[in-house]
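Reader: Could you walk me through this chain and tell me what lies behind the labels? I like to see a value set against its cut-off.
Author: Gladly; let us look at it together.

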Amino acid sequence: MYGGRQGFKRKWGSYKSGAKPFAKKRRSSNRSSNKGGLLRPGGNGDLLSHPYRTRTGGGSTGNRSSVFIQRSSNWLPDRLEVPLKWTFVLAYSITAGVGQEAAFIANSLADPGGSSAATNPYGYDQLSLLYAQYRVRASAIRATLQIDPASGSTTATNNSVFFAVFPTRRSTSYVSDPMGAAQQPYGKYTQAQGNNVSYQPASIYNYLSTAKMLGLRQHQVLGDPNLSAQMNTDPGTKWYWHVLVTQIGSSLSTTIEVSVELILYAELYDLNDLSST
């Protein structure tokens with residue numbers, strides 16, 4: 001331990017009468033936080049801390065406005081991380097003991113719908129003109145089940161619809177029962193109940209990174225060429241979100257709809273050559 005004035009000097013530097021060695025340090029003017037996750041326009045494509053200059057009106061309660069400051073003639077980042085949204089609606093007529101399942105590619109921008117729908121995420125076409133390659137670092141899904149109250153039981157007896165969302169490496173259906181779906185790793189499930197009067201919708205949200213799904217470290221995801229792809233193709237290694245619905249306890253057919261929303265957290269790189277008109 002340090003003792004006396006000499007020890008204090010060795011630990012904290014030069015001693016001055018009245019100094020406050022434990023005073024809180026002033027924050028550096030170098031703003032290093034990544035506010036908003038924006039990228040530097042130009043340069044080496046690193047994250048830009050504060051690309052906006054904030055103007056505040058009179059007093060501390062004045063209105064705030066932001067002005068973008070152009071710092072480079074190349075305004076396109078060399079690498080862009082962006083979430084892209086893709087939506088689809090499934091429609092089924094289900095009976096007890098017969099499961100309906102759909103699979104969606106969790107790490108593809110070119111065709112996330114797989115066999116369900118051949119469409120791209122919102123904004124994909126515009127970004128594909130700027131960047132040649134991509135990889136999906138993580139994926140989220142929100143599935144909402146709604147049941148037509150006019151179908152199903154014609155009495156006041158409640159019906160139950162089992163509803164599950166789980167990730168897997170397989171694209172084909174291999175789980176058709178509630179118990180099998182409930183035991184899937186990283187899966188989530190719930191039930192929607194009702195009668196001939198009304199049903200309450202049920203919703204499931206799930207999120208998983210590509211590294212977590214495949215048991216990799218982040219640097220392995222970056223270095224694996226099979227997890228990257230050209231903008232118009234799927235990656236060589238794919239993983240899927242599965243949505244399973246099945247009716248429990250009723251022999252009557254029930255009409256349901258499942259709204260599926262995917263959020264693909266993608267990294268775009270390999271900037272295309274620019275041209276002028």
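Author: The model is a predicted one. Let us begin with strand pairing: 9 bridges join strand β6 (residues 159-168) to strand β10 (residues 240-248), and the two run antiparallel.

Reader: What makes β6 and β10 a pair?
Author: Two strands pair if there are at least two bridges between them. With 9 bridges joining them, β6 and β10 therefore count as a pair.

Reader: Why is β6 called largely enclosed by the rest of the structure?
Author: Because 10 of its 10 residues are buried. Both faces of β6 are covered. On one side sit Asn159, Val161, Phe163, Val165 and Pro167, and on the other Ser160, Phe162, Ala164, Phe166 and Thr168, all of them buried. For the chain as a whole, 37% of the 277 residues count as buried.

Reader: Why is Leu127 called buried?
Author: Buried means under 20% relative accessible area. Leu127 has 15% relative accessibility, so it counts as buried. Leu127 lies in helix α2 (residues 124-128). Setting aside neighbours within four places in sequence, Leu127 is in contact with Leu80, Val82, Leu84, Met231 and Leu268. The C-alpha atoms of Leu127 and Leu80 are 9.8 Å apart, while 47 residues separate the two in sequence.

Reader: And how do you know that Asn107 is buried?
Author: The reasoning repeats: the cut-off is under 20%, and Asn107 has 1% relative accessibility, so Asn107 counts as buried. Asn107 sits in the loop between β4 (100-105) and α2. Among the residues it contacts beyond four places in sequence are Tyr134, Leu227 and Trp239.

Reader: What makes the approach of the Asn107 side chain to the backbone oxygen of Thr237 a polar contact?
Author: The distance is 2.9 Å, and the limit for such a pair of N or O atoms is within 3.5 Å. The pair therefore falls inside that limit.

Reader: Which nonpolar patch includes Tyr265?
Author: Tyr265 forms a surface patch with Tyr205 and Tyr207, and together they have about 290 Å² of accessible area.

Technical notes. Residues numbered from 1 in each chain as written. Predicted model: local features only at pLDDT ≥ 70, side-chain atom pairs only at ≥ 80, totals over all residues. Heavy atoms only, no water. Patch = residues over 30% accessible without salt bridge, like charges linked within 9 Å, V, L, I, M, F, W, Y side chains within 5 Å. Areas by Shrake-Rupley, 256 points an atom, 1.4 Å probe, with all protein chains shown as cover. Salt bridge = Lys/Arg side-chain N within 4 Å of Asp/Glu carboxyl O. Buried < 20%, exposed > 50% of the residue type's maximum accessible area, 1.4 Å probe, protein only. Helix = DSSP H or I, 4+ residues; strand = E, 2+ residues; numbered from the N terminus. Contact = heavy atoms within 4.5 Å. Polar contact = N/O pair within 3.5 Å; in protein donor to acceptor, adjacent residues only side chain to side chain.
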